[in-house]
Amino acid sequence: MILGNSKKNIEVLKEKTDQAVKNQDFHPIEFEDDGVIGEIGLNFNALGKKFQVANEKLKEFDKIDLENKKLKEEIDKFKGSIDDLSVIGELGQKITSTLSGTEIFQKLTEIINSIMDASVIILGVADKKNRIKFYRSPDFPADLKSNTTVSGTTVAEWSLTNKIEVFLNDAEKDYSRYFYDPIVSLEGQPARSVLCYPMVINDQAVGVLCTISFRKNAYNDYHMNMIRSLMAYVSVAVDNSTVYEELKSTQSQLVQSEKMASLGQLTAGVAHEINNPINFVSAGIESLKNNYQEIKKLLEGYLELKPGEDNDAKLIELEKQKKKIEVEELLSEIEDLYRSIKNGAMRTTEIVKNLRNFTRLDENEFKLSNLEEGLESTLIILNSQLKDRIEVIKEYGHLPLINCFPGQINQVFINILNNAAQAIEGQGKIWIKTQTVDGKAEIKIKDSGAGMSEEVKNRIFDPFFTTKDVGIGTGLGLSISYGIIEKHHGEISVDSKIGEGTEFTIKIPLNLN
């Protein structure tokens, strides 16, 4: 290209260059002018190639930028999912930390309401007999049921029975995918979006969660995935709750069985204890009857005497009769018989009262109780095993009344004292000491028995562990005792050495609510 210095050529060059850049059309440009004073060489072809390469690079950068934006969105979404799962993990741990079905549902409701629109939430829990207990929020008497509608509870039951998820975002239109009739819940208001998730553990349906919204398209895959993640924890919590309730029932039965077993072992002794005073009463009444007949006969003789008549012969005869029956001794004997009968009756009343106190069923109610009276009642029940063989040395510290389950505490006392009596062969001693230490009632029961090895001591509170012969001990007494004291937020410990006897220490808080 040849270029002159004329103004015209410069303007043409500028116009051609602008047009070439605009159209990206680069070709050599030639000018003819008489007044050319110099030459400028401009290679538009080389410049055009560089521009095209730069333009292609720019397009690549735009594409990369778009991909980076999409990647950032995916990363943010992934981070959000991780955050959600982290939150669910924390909340799931809270759910599995409780064994109450009501508390599980309350926490579950809070979580669901925080992540989705749920006008109605229904949790169904099935036991091993396939009986379903439903929890609902909001709490209302029951779903509307009729021959032409399907209730929310029915949806939950269907999902649980068939182990099939229900996912509807237009339930009024798409209900036929699952049911023959429309779904209605809460005072007849139509359900427009429905999620149901059956909880299955080891192929066993243990419960179901159903959320219902009154607006369309309330749920998506994100909500279902969140529910699935959450239900992993709820499934475990519900199953644990069911097992816990069964264990509580079994424990209650074991406690009663052990109590009846203890009473069965004590029946002969108690019968003997009652029989002794009853024999006093029975024998006393028979003697009293005979004495009464003698005095009655003598009294009738005196009543036959009439004023103004010659009664000398009759009086002489009555005097002989008085000497014969020894009236003075007879009256003294009657007084002794009366005291004996009274003591026997009072003793029997005391035994029955203490037996009733020992066996009372008060597991569900705390009561102010005197633990030292409980010890006394227990000793009376065990008297037949202790008397004439074991000396009981009591050192009571006059404990204040404390809130407890008295019947259960008495069960602990009789288990320990009965074991102490059985551990003593022949003559021996049992020491009972009560005192208040650091805000707790402390009861120490020590025996002069054979003691136990370290191995036995370490297992003494294990269920079904016993050192007694088959048929004598159940192995549950001390295990149940441990559970009872633990239930009272107390402590029970044992100290024993071979040949030095055994001492149990029980500590129960004085201020127990």
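A salt bridge is a side-chain nitrogen of Lys or Arg within 4 Å of a carboxyl oxygen of Asp or Glu. I noted that side chains of opposite charge can pair when their charged atoms come close.

**Entry 1: the model.** I worked on a predicted model, in which local features need pLDDT of at least 70 and side-chain atom pairs count only at pLDDT 80 or more, while totals for chains, interfaces and linings use all residues. Residues are numbered from 1 along each chain as its sequence is written, and side-chain values use heavy atoms, with hydrogens and water left out.

**Entry 2: the search.** I searched the whole structure and found nine salt bridges.

**Entry 3: Lys394 and Glu376.** I found these side chains joined in a salt bridge, at 3.0 Å from N to O. Lys394 lies in strand 9 (residues 390-395) and Glu376 in helix 9 (residues 371-381), so the pair ties together parts 18 residues apart in sequence. Helices (H or I, at least four residues) and strands (E, at least two) are DSSP runs, numbered from the N terminus.

**Entry 4: Asp117 and Arg215.** I recorded a salt bridge of 3.2 Å, N to O, between these side chains. Asp117 sits in the loop between helix 3 (101-115) and strand 1 (120-126), and Arg215 in the loop between strand 7 (204-213) and helix 6 (221-303), so the pair links parts that are 98 residues apart in sequence.

**Entry 5: Lys507 and Glu442.** I found their closest N and O atoms 3.9 Å apart, in a salt bridge. Glu442 is buried at 7% relative accessible area, whereas Lys507 is partly exposed at 27%. Buried means under 20% relative accessible area, exposed over 50%, and partly exposed in between (1.4 Å probe, protein chains only).
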